[in-house]
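Here is a short briefing to read alongside the model. Keep the viewer open and look up each spot as you go.

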Amino acid sequence: MESVNKNEKLLEVKGLRTSFFTEGGEVKAVDDVNFNVYRGKTLGIVGESGCGKSVTSLSIMRLIPNPPGRTVGGEILYKGRDLLKLSDSEMRKIRGDEISMIFQEPMTSLNPVFTVGNQIMEAVMLHQNLSRKDARNKAIEQLQLVGIPSPEKRVDDYPHQLSGGMRQRVMIAMALSCHPQILIADEPTTALDVTIQAQILDLLRHLQEKFGMALILITHDLGVIAEMADEVAVMYAGRVVEQARVGEIFANPKMPYTRGLLNSIPVLTKDPTGKVKKKRLETIPGIVPNMLELPVGCRFQERCTYVIDACKEREPDLRVIAQDPILPHSIRCGRDI
Amino acid sequence: MEAQNTPNGEVLLSVRNLVKRFPIKGGILSREVASVKAVSDVSFDIKKGETLGLVGESGCGKSTLGRCILRLIEPSSGQVFFKGQDITKINGNEMRKLRRNMQIIFQDPYASLNPRMTVEDILAEPLVIHKIGANRHERMQRIIKLLDLCGLRREAISRYPHEFSGGQRQRICIARALAVSPEFIVCDEPVSALDVSIQAQIVNLMQDLQKELGLTYLFIAHDLKVVEHISTRVAVMYLGKISELATAEALYADPKHPYTRALLSAIPIPDPTYKKERIILRGDVPSPINPPSGCFFHPRCPIAKDNCQGEFPASKNFGTEGEGAHDVSCYYAQ
């Protein structure tokens with residue numbers, strides 16, 4: 001289906017299920033999720049808190065705390081190998097080297113008692129067998145790459161000496177130090193101001209072009225998705241509910257949840273006279289369902305304005321509604337709206 | 001910025017030359033060695049019934065300014081006039097009485113509710129303090145009204161904060177602020193901690209309440225889209241100073257200050273077909289301990305010239321008669 005050179009499938013997630021076993025019962029945080037990640041492309045995963053987007057990324061990295069969590073089913077094929085079947089030591093070789101991750105909070109994900117240089121050196125010494133001296137030079141080079149001024153001085157700074165934007169750059173420098181094939185960025189700019197966010201997104205785009213890595217970008221900000229992503233998966237209550245290429249999903253959102261999300265953000269709009277329009281925001285009524293008491297049928301039914309009886313009987317499957325050579329537009333909704 | 005930007009409507013709150021410095025103590029005698037100039041020389045008016053949006057990046061002093069206005073933090077100098085009365089001069093007792101008219105909603109609905117109090121206790125507390133309602137029964141009537149007003153179910157009354165979602169907790173915070181029927185509410189990032197679909201619910205609720213109760217808001221946020229949506233006028237803050245203040249329409253359609261332009265251009269637009277020119281600012285916000293000389297923005301400014309390092313530019317009004325004032329503190333604003 002895909003032309004091999006242009007769209008090399010790097011990662012294939014098939015039927016992924018990750019559950020947390022709590023006192024109240026099994027929470028199916030990620031429930032039968034499928035997607036592909038292509039070389040040089042960006043997959044955006046959108047959704048609100050608790051929809052399972054972070055758990056998906058942690059599952060790929062095999063960083064789900066066990067207990068209480070466990071990936072109970074599915075396959076994560078990286079270049080044809082199932083990551084879920086690798087031994088811990090095999091996984092350690094891939095993690096941080098071929099697949100890297102940056103987290104939302106740059107303050108809590110850096111170790112406060114080591115200099116940032118030391119933390120970058122740790123990864124390159126482990127994966128690339130560099131000497132301390134070479135590793136230090138590599139760290140300086142990485143800091144330079146992500147645009148930190150006077151990196152030869154900053155390399156000896158502790159995380160608390162850096163601003164939020166700088167810390168996120170350090171995280172990126174660390175994640176990129178081994179030139180990963182896939183970078184998972186979990187809300188990389190959520191904690192940052194817009195001007196710094198613009199810097200970081202620009203940097204990610206630039207680095208992606210330079211190294212051709214694939215990016216999995218997890219965010220709740222549809223603006224960031226529109227700017228960065230090639231393909232988009234919308235998640236709700238542990239499921240992918242809509243999937244399409246970025247242009248298609250913004251032009252033709254079909255799942256009521258996606259529509260609701262798009263309508264509930266205030267948009268900077270101007271009418272032809274140059275005046276700014278103001279309309280009342282559309283809302284999605286209610287809140288996300290309790291993952292321990294999911295309704296029978298569609299998981300979005302309680303908040304959906306298009307709900308009919310059939311929605312309450314059986315959960316719709318993800319079905320293709322428009323063909324596309326790379327990613328067919330599919331939705332998990334039984335209605336045609 | 002003088003009080004001239006009031007073509008119509010009565011001024012409810014005026015801030016004049018407000019300054020807040022936080023001392024940094026050091027040395028063995030813990031003398032003041034430096035200070036953080038969180039708010040430096042800020043003046044503006046808020047008219048009755050309007051929403052003044054206050055935007056800026058973290059650390060620009062917007063929350064400190066909001067708290068100084070309510071004297072939750074004592075300002076270092078300057079005046080705040082509420083209905084003509086200088087509230088920086090009155091004593092604690094009088095201030096407490098005045099707080100009936102001035103309330104605040106905080107960012108984090110998880111941290112701003114006492115986990116050991118039921119919703120009834122939370123909403124009754126301001127009523128008891130301000131002696132509203134003669135007995136528990138009367139207070140209960142009022143609490144039920146507040147819950148209805150804020151879209152909460154009546155069963156909520158005997159429950160604890162942890163039993164609610166983030167959006168519902170923010171509704172409780174709003175109900176608490178409204179309990180004493182204030183005229184003016186400082187909303188300090190009221191929706192930043194919430195998911196987008198919930199954000200829209202709260203923004204709509206706040207707009208409905210404003211219409212119904214004639215409230216005046218100071219709406220502090222870093223999300224420029226939300227601020228545009230809810231505000232009548234918008235002030236942009238940078239390093240403790242207001243760099244631009246105009247009606248929301250004028251500010252977003254025709255930003256004059258280079259900082260405002262950069263901020264607006266940095267917002268990701270949820271439309272993949274829209275390609276715009278982005279102004280990417282270099283570096284970070286400088287430290288407010290040693291702000292740059294002259295215009296605070298000059299080290300990051302794409303259009304700065306030599307004289308920008310000299311003195312802080314006085315604000316100029318670019319507004320037209322019909323559209324109201326458009327104050328900009330920049331030598332090269334066009």
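How many residues of chain A are in contact with chain B, and how many of chain B with chain A? In this predicted model, 43 residues of chain A touch 37 residues of chain B. The points below start with that interface and then turn to some backbone details in the loops.

**The interface between the chains**

- Together, chain A and chain B bury about 3,700 Å², and 58% of this area lies on carbon and sulfur atoms.
- Between the two chains there are 2 salt bridges.
- One salt bridge pairs Arg280(A) with Asp208(B), and their closest N and O atoms are 2.8 Å apart.
- Polar contacts across the interface of chain A and chain B number 11 residue pairs, with both residues at pLDDT 80 or more.

**What chain A brings to it**

- Four elements of chain A each give two or more residues to the side that touches chain B: α7 (194–211), α8 (222–228), α9 (246–251) and α10 (256–264).
- Helix α7(A) supplies the largest share of that side, with 8 residues.
- Sorted by class, the side of chain A that touches chain B holds 19 nonpolar residues, along with 12 polar and 12 charged ones.

- As background, most peptide bonds are trans.
- The bond from Asn66(A) to Pro67(A) is cis, however, with omega near -15°.
- The next one along, from Pro67(A) to Pro68(A), is also cis, and its omega is near 5°.
- To find them, go to the loop between α1 (53–61) and β4 (69–78) of chain A, where Pro67(A) sits; Pro68(A) is in the loop between α1 and β4 too.

**Positive phi angles**

- Most residues other than glycine have a negative phi, so the next residues are worth a look.
- Asn129(A) has a positive phi, near 50°, although it is not a glycine.
- You will find Asn129(A) in the loop between α3 (116–128) and α4 (132–145) of chain A.
- Is Asn129(A) buried or exposed? Its relative accessibility is 66%, and exposed means over 50%, so Asn129(A) counts as exposed.
- In chain B, Ser181(B) has a positive phi near 50° and is likewise a residue other than glycine.
- Ser181(B) belongs to the loop between α5 (166–178) and β7 (184–188) of chain B.
- Why is Ser181(B) called partly exposed? Its relative accessible area is 42%, which falls between the 20% and 50% cut-offs, so Ser181(B) is partly exposed.

Technical notes
Residues are numbered from 1 along each chain as its sequence is written. Chains are lettered from A and ligands numbered from 1 in the order in which they are written. This is a predicted model: local features need pLDDT of at least 70, side-chain atom pairs count only at pLDDT 80 or more; totals for chains, interfaces and linings use all residues. Side-chain values use heavy atoms; hydrogens and water are left out. Contact means heavy atoms within 4.5 Å. Buried area is the accessible area (1.4 Å probe) that two parts lose on being put together, summed over both. A salt bridge is a side-chain nitrogen of Lys or Arg within 4 Å of a carboxyl oxygen of Asp or Glu. A polar contact is a pair of N or O atoms within 3.5 Å; within protein, one must be able to donate a hydrogen and the other to accept it, and residues adjacent in sequence count only if both atoms are side-chain atoms. Ala, Val, Leu, Ile, Met, Phe, Trp, Tyr, Cys and Pro count as nonpolar, Asp, Glu, Lys and Arg as charged, and the others, Gly among them, as polar. Buried means under 20% relative accessible area, exposed over 50%, partly exposed in between (1.4 Å probe, protein chains only).
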